[in-house]
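Visitor: I would like to learn how to read a protein model. Please take me through it one feature at a time.

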Amino acid sequence: MQTVTVSRRIDAPPERVRDAMEDLEAFMLAAGFTEVTVDGDDMHLENQVGLATVTLDLRLVDTGADLAYEQADGFFETMDTEYRVEPAAGGSEVTATTDFELDLAFVGQVLDATVIKRQRRHELESQFDWLAAELTA
């Protein structure tokens, strides 16, 4: 199992951060996905990672986190992400953790865990950049 965790302090109260994250289409587009479709608890995402086009179908899950989803269909063996928003001095601390296992038969030589980790870290940082811009504007 591989893990990517990113945290950021946001200058807004936790309720405002959670409200912004509820706009799932905007929040996922902020990660840099080229296509995002939200239908209830289901999300369809597409993105370019290196030479590959990555397609993921995700479903929202209740884990006790402020936002959580898992892969319903895609190139991972398993993949789940949780976002937690905690009060911090004058704002909030947002932490996102993605755990994944690659389906090596499917992924092959095009992608490896290092590429996926680097890409995922970039996606999470981009989402946090978006939150900071949205909530301090």
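Guide: Along the sequence the chain follows the pattern β-α-α-β-β-β-β-β-β-α-α. It has four helices and seven strands; helices (H or I, at least four residues) and strands (E, at least two) are DSSP runs numbered from the N terminus. This is a predicted model, in which local features need pLDDT of at least 70 and side-chain atom pairs count only at pLDDT 80 or more, while totals for chains, interfaces and linings use all residues. Residues are numbered from 1 along each chain as its sequence is written, and side-chain values use heavy atoms, with hydrogens and water left out.

Visitor: How many bridges join strand S6 to strand S7?

Guide: In a regular strand the side chains alternate between the two faces of the sheet. Two strands pair if DSSP finds at least two bridges between them. Here S6 and S7 (residues 91–102) run antiparallel and are joined by 12 bridges. Glutamate 82 stands opposite threonine 97 in S7. The hairpin of S6 and S7 has two residues between the strands, and glycine 90 takes a positive phi near 75 degrees there.

Visitor: In what sense do S5 and S6 pair?

Guide: Strand S5 (residues 67–73) and strand S6 (residues 76–88) pair in the antiparallel sense, over four bridges. Glutamate 70 has aspartate 80 in S6 as its bridge partner. A hairpin of two residues joins S5 to S6.

Visitor: How many aromatic pairs are there?

Guide: A pair of aromatic rings is described by the distance of the centres and the angle of the planes. Rings of Phe, Tyr and Trp (its six-membered ring) pair if their centres lie within 6.5 Å; planes under 30 degrees apart count as stacked, over 60 as edge-to-face and the rest as tilted. The count by this rule is four aromatic pairs. For phenylalanine 27 and tryptophan 130, the ring centres are 6.1 Å apart and the planes are at 55 degrees, so this pair is tilted. The pair links distant parts of the chain, 103 residues apart: phenylalanine 27 is in helix H2 (residues 24–29) and tryptophan 130 in helix H4 (residues 113–136). One aromatic cluster is formed by Phe27, Tyr69, Tyr83 and Trp130.

Visitor: Is glutamine 127 buried or exposed?

Guide: Buried means under 20% relative accessible area, exposed over 50%, and partly exposed in between (1.4 Å probe, protein chains only). Glutamine 127, which lies in helix H4, has a relative accessible area of 0%, so glutamine 127 is buried. Phenylalanine 27 and tryptophan 130 are both buried. In the chain of 137 residues, buried residues make up 39%.

Visitor: Which residues does glutamine 127 touch?

Guide: Contact means heavy atoms within 4.5 Å. Leaving out residues up to four places away in sequence, glutamine 127 touches Phe27, Met28, Ala30, Ala31 and Tyr83. Methionine 28 is 99 residues from glutamine 127 in sequence, yet the two are 7.3 Å apart in space, C-alpha to C-alpha.

Visitor: Which element gives the most to the lining of the largest cavity?

Guide: Rolling a probe the size of a water molecule over the atoms shows where empty space is left. On a 1 Å grid over the protein atoms alone, a cavity is a set of points where a 1.4 Å probe fits but cannot get out, and lining residues have an atom within 4 Å of a point. The largest cavity has a volume of about 190 Å³, a volume being the space filled by probe spheres set on the points. Of its 19 lining residues, Phe33, Leu56, Phe76, Arg120 and Glu123 are closest to the centre. H4 gives the most to this lining, with four residues.

Note on methods:
On a 1 Å grid over the protein atoms alone, a cavity is a set of points where a 1.4 Å probe fits but cannot get out, and a pocket is an open set with protein on both sides within 12 Å along at least five of seven lines; lining residues have an atom within 4 Å of a point.
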